Amino acid sequence: MKIACLGGGPAGLYFAILMKKAFPTAEVVVHERNRAEDTFGFGVVFSDETLGNFELADEPTYREIRQLFRYWGDIETHLGDAVVRSTGHGFCGMSRKKLLQVFHRRALELGVDLRFESEVHDESQINADLIVVSDGINSALRTKHAAHFQPSLDWRKCKFTWLGTTLPMDAFTFWFERTEHGVFQVHAYPFEEGLGTFIVECTEDTWRKAGLDQADEAATLAFCERIFAHKLGGHRLVANRSIWRTFPTVRCGTWVKDRMVLIGDAAHTAHFSIGSGTKLAMEDAIALCEAFVRHGCDDVPATLRAYEEGRKVDVLKLQKAAQTSLEWFENSERYMDQDPVEFTFNLMTRSKRITYENLKKRDPELVRRATAHYALSRGGARVAAAEVPAFVPYQLRDMHLANRIVVSPMCQYSAVDGLPDDWHLVHLGSRAVGGAGLVITEATSASADGRITPGCTGIWTEAQAAAWTRIVRFVHQHSGSKIALQLGHAGRKASCSVPWEGDAPLTDARAWPTIGPSAEPFRAGWHTPKAMTRADMERVRADFVAAAQRAEQAGFDALEIHAAHGYLLSSFLSPLSNRRTDEYGGSLEGRMRYPLEVVRAVRAAWPTAKPLFVRISASDWLDSQGGFTCEEAVVFARELKHAEVDCIDVSSGGNSPLSRIDYGRMYQVPFADAIRHGAQIAVQCVGAVQGLDHANTVLAAGRADLVAMARPHLADPYLALHAAAEVGKYDMPWPKQYLAAKPRPKAGEPD
Ligand SMILES: Cc1cc2nc3c(=O)[nH]c(=O)nc-3n(C[C@H](O)[C@H](O)[C@H](O)COP(=O)(O)OP(=O)(O)OC[C@H]3O[C@@H](n4cnc5c(N)ncnc54)[C@H](O)[C@@H]3O)c2cc1C
Ligand SMILES: Cc1cc2nc3c(=O)[nH]c(=O)nc-3n(C[C@H](O)[C@H](O)[C@H](O)COP(=O)(O)O)c2cc1C
């Protein structure tokens with residue numbers, strides 16, 4: 001078998017080594033356009049886990065790497081002059097140049113043909129059974145076959161430059177420095193005696209303000225040495241082709257074309273803030289070689305397809321974590337006023353791979369400090385320093401919540417004529433008994449035509465208000481929870497069947513006419529709504545006000561206006577559903593006008609002592625197709641704050657069937673975070689928050705104030721009580737009828 005690797009970076013060289021070792025009779029050639037001694041960059045960084053993979057793949061290179069690397073277990077965060085050190089992590093760094101030299105030696109020893117100063121732009125130059133395209137981020141062959149590989153290059157918002165430093169370091173080091181131009185952040189780590197990698201990063205705006213768009217390498221070096229002079233203590237920064245760059249996240253539709261395969265940076269990139277691309281490149285090489293060992297060399301295209309199939313998920317996961325991490329760094333300015341410990345916790349948990357509990361295993365002291373800081377800063381001196389964030393009480397106007405766990409609104413589709421009945425009493429009642437700080441009812445309509453289905457609850461009659469009173473009274477009498485009513489109007493998504501009867505528009509006699517901002521159905525085949533006239537708007541607004549008054553009469557502690565998921569108010573906000581040409585459409589100002597009118601009217605009718613929440617869809621997940629964006633959501637949230645709304649419940653999607661939602665754990669938290677910091681208002685997050693660990697992570701990082709869970713509460717109505725027991729919290733209010741089962745401290749454990 002003849003193998004050609006195009007590009008002698010870590011991916012191409014390591015693959016050549018592994019293949020030559022696995023198939024000694026194979027002819028393996030590496031074409032590298034540079035000379036052996038040329039290399040850019042400084043250090044590369046690996047985690048403990050990655051090193052374990054290298055040991056299994058090729059012990060001799062692993063042993064040499066071990067001798068050369070510098071190991072450290074700590075991460076040090078400098079927020080201005082404050083320094084917080086986190087322990088228990090485990091990384092090592094080594095010189096990229098030395099790593100490549102180790103690979104060169106090992107490749108030659110095994111009989112790989114290394115051809116330097118050999119540039120390849122076309123596969124017709126190569127006679128091989130397998131062509132490994134390992135020519136890096138600007139891959140010539142990927143570009144040539146773009147129609148097949150379907151690469152997408154997502155150019156990110158920050159500017160960065162790769163420098164070195166003589167500053168001695170014994171930890172992975174982050175600096176965040178405010179300057180007159182904006183924030184500059186540094187990712188630095190030691191990789192050999194007297195030398196460390198030093199990446200400087202800032203937003204493009206800051207970069208321009210600092211005049212760095214005009215700076216050559218020498219000016220960049222001088223600038224960076226000047227702004228960090230007080231921290232460098234006389235140590236120098238070193239350049240090596242250190243121009244300012246923009247990071248592209250490279251993704252491809254496929255990595256395989258016949259006998260050709262893309263690996264390393266040619267196939268995909270992951271932002272440097274979660275570890276090096278070198279690790280990813282070498283792990284590709286390991287996986288590709290394993291595919292040949294497992295599937296053989298007879299049918300190269302089939303083996304390449306098997307490689308792609310097996311490797312894709314791991315790369316996707318890593319790219320997802322990298323995306324969350326790079327977005328954190330793009331927005332780090334918003335966290336600069338956080339307390340240094342909270343900031344560090346936030347930084348450590350940014351990519352969601354490390355949570356409160358994971359971090360506790362690595363660094364119990366940091367988590368103890370973050371917990372104590374949260375308890376004191378949010379709960380005051382009366383809250384024990386060891387109280388975990390989710391159990392720190394929360395006050396909104398006169399409503400006191402015993403903890404920050406919220407039962408998210410969930411339609412039960414079980415009402416007749418909008419009347420909540422025994423099902424709703426048991427459903428909401430048991431979740432209140434289950435210990436959540438706040439229980440929110442399902443979407444309850446302000447008028448008969450505003451129901452999503454005939455089974456949805458309402459509050460447009462006195463009888464409905466009375467039925468709700470019974471439920472509210474139960475919650476207040478038998479639990480420590482508070483209860484809020486979610487008040488909405490389904491708009492163009494009304495008049496549907498219940499989910500277990502198809503979840504589709506009604507077509508029988510039960511159907512009713514729907515309304516919306518414009519006469520556009522949610523999707524083909526759905527009801528076409530009537531475009532609302534001014535009279536319709538006034539009628540619906542009056543319905544909301546009357547409903548709010550009935551909610552007050554029923555004794556609800558809080559009210560949540562449903563302006564999410566494509567229902568009436570949500571459909572006014574999004575340009576995809578609001579095509580109006582009057583003052584209620586067009587610009588964001590126009591699209592917000594009606595939802596704000598409703599909110600203001602409800603606020604005026606709702607008691608000042610009681611909080612008002614608004615649930616929004618912070619994004620249509622269709623930014624490039626003109627959907628409602630998170631930036632618009634921040635502006636809307638500011639307006640809601642002016643309208644004296646107390647908390648934004650941040651959800652997303654639901655307004656267009658075309659939305660491409662990037663699901664994953666805590667997937668909507670970045671929107672909540674952006675709104676909390678951008679509009680300076682309390683937020684409730686929701687969406688794949690899977691229990692106490694996630695809740696504590698989000699809260700301690702300062703990304704939300706309340707954490708709502710829907711499906712986890714369907715599975716476990718006593719989620720909060722169980723979560724409390726999990727962390728040894730024994731002072732939860734268990735109902736007196738159930739005290740015999742209440743968890744108690746084990747011998748020797750504090751109660
Ligand atoms: C300026 C810069 C500095 C970096 N510094 C670091 C660092 O310090 N630490 C770190 O971990 N990561 C660093 N990275 C990222 C890292 O280089 C990559 O993620 C990693 O090296 C990927 O390995 P690779 O083998 O896929 O690609 P590369 O390392 O980019 O290797 C590709 C190789 O292909 C060669 N080549 C390109 N085109 C052709 C052609 N047509 N014919 C023949 N040869 C060709 C190139 O010369 C290069 O040697 C840096 C990236 C950049 C852009
Ligand atoms: C059965 C069910 C019914 C729901 N009904 C509502 C609702 O009435 N109002 C609302 O705003 N969201 C509703 N949602 C969305 C949830 O409140 C929540 O935002 C979503 O399920 C994501 O949270 P989770 O991952 O914790 O389930 C419903 C979700 C489920 C599973």
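Strands here are DSSP runs of E, at least two residues long, numbered from the N terminus. Keep in mind that this is a predicted model.

**Exercise 1. Place Thr441 in the fold: which strand holds it, and is it buried or exposed?**

Step 1. Start with the secondary structure. Thr441 sits in strand β21, which covers residues 438-445.

Step 2. Now check the accessibility. Buried means under 20% relative accessible area. Thr441 comes out at 0%, so it counts as buried.

Step 3. Setting aside neighbours within four places in sequence, Thr441 touches Pro409, Met410, Leu428, Trp468, Ile483, Ala484, Leu485, Gln486 and Phe556.

Step 4. Pick one of those partners, Ile483. In sequence, Thr441 and Ile483 are 42 residues apart, yet their C-alpha atoms are 7.5 Å apart in space.

**Exercise 2. Describe how helices α15 and α16 pack: at what angle, and how far apart are their axes?**

Step 1. Get the geometry. Two packed helices are described by the angle between their axes and the distance between the axes. For α15 (residues 422-433) and α16 (residues 462-478), the angle is about 25 degrees and the axes are 9 Å apart.

Step 2. Classify the angle. Anything under 35 degrees counts as roughly parallel, so α15 is roughly parallel to α16.

Step 3. List who does the touching. From α15 come Asp422, His424, Leu425, Leu428, Gly429, Ala432 and Val433, while α16 brings Trp468, Arg470, Ile471, Phe474, Val475 and His478. Sorted by type, that's 8 nonpolar, 3 polar and 2 charged.

Step 4. Link back to Exercise 1. Leu428 and Trp468, both in this helix contact, are also among the residues that touch Thr441.

**Exercise 3. Work out why Cys456 is in no disulfide.**

Step 1. Find the nearest cysteine sulfur. For Cys456 that is the sulfur of Cys411, 4.5 Å away.

Step 2. Apply the cut-off. A disulfide needs two cysteine sulfur atoms within 2.5 Å, so Cys456 is in none. The overall count is 0 disulfides.

**Exercise 4. How many residues of helix α21 are buried, and what covers them?**

Step 1. Count. In α21 (residues 669-679), 9 of the 11 residues are buried, among them Phe671, Asp673, Ile675 and Arg676.

Step 2. Find the cover. It includes helices α14, α20 and α22, along with strands β26, β27 and β28.

Step 3. Step past the end of the helix. Gln680 follows α21 and has a positive phi, near 55 degrees.

Terms used. Residues numbered from 1 in each chain as written. Chains lettered and ligands numbered in written order. Predicted model: local features only at pLDDT ≥ 70, side-chain atom pairs only at ≥ 80, totals over all residues. Heavy atoms only, no water. Axes fitted to C-alpha atoms, helices over the stretch in contact; angles between N-to-C directions. Helix = DSSP H or I, 4+ residues; strand = E, 2+ residues; numbered from the N terminus. Parallel < 35°, antiparallel > 145°, perpendicular 65-115°, else oblique. Contact = heavy atoms within 4.5 Å. Nonpolar A, V, L, I, M, F, W, Y, C, P; charged D, E, K, R; others polar. Buried < 20%, exposed > 50% of the residue type's maximum accessible area, 1.4 Å probe, protein only.
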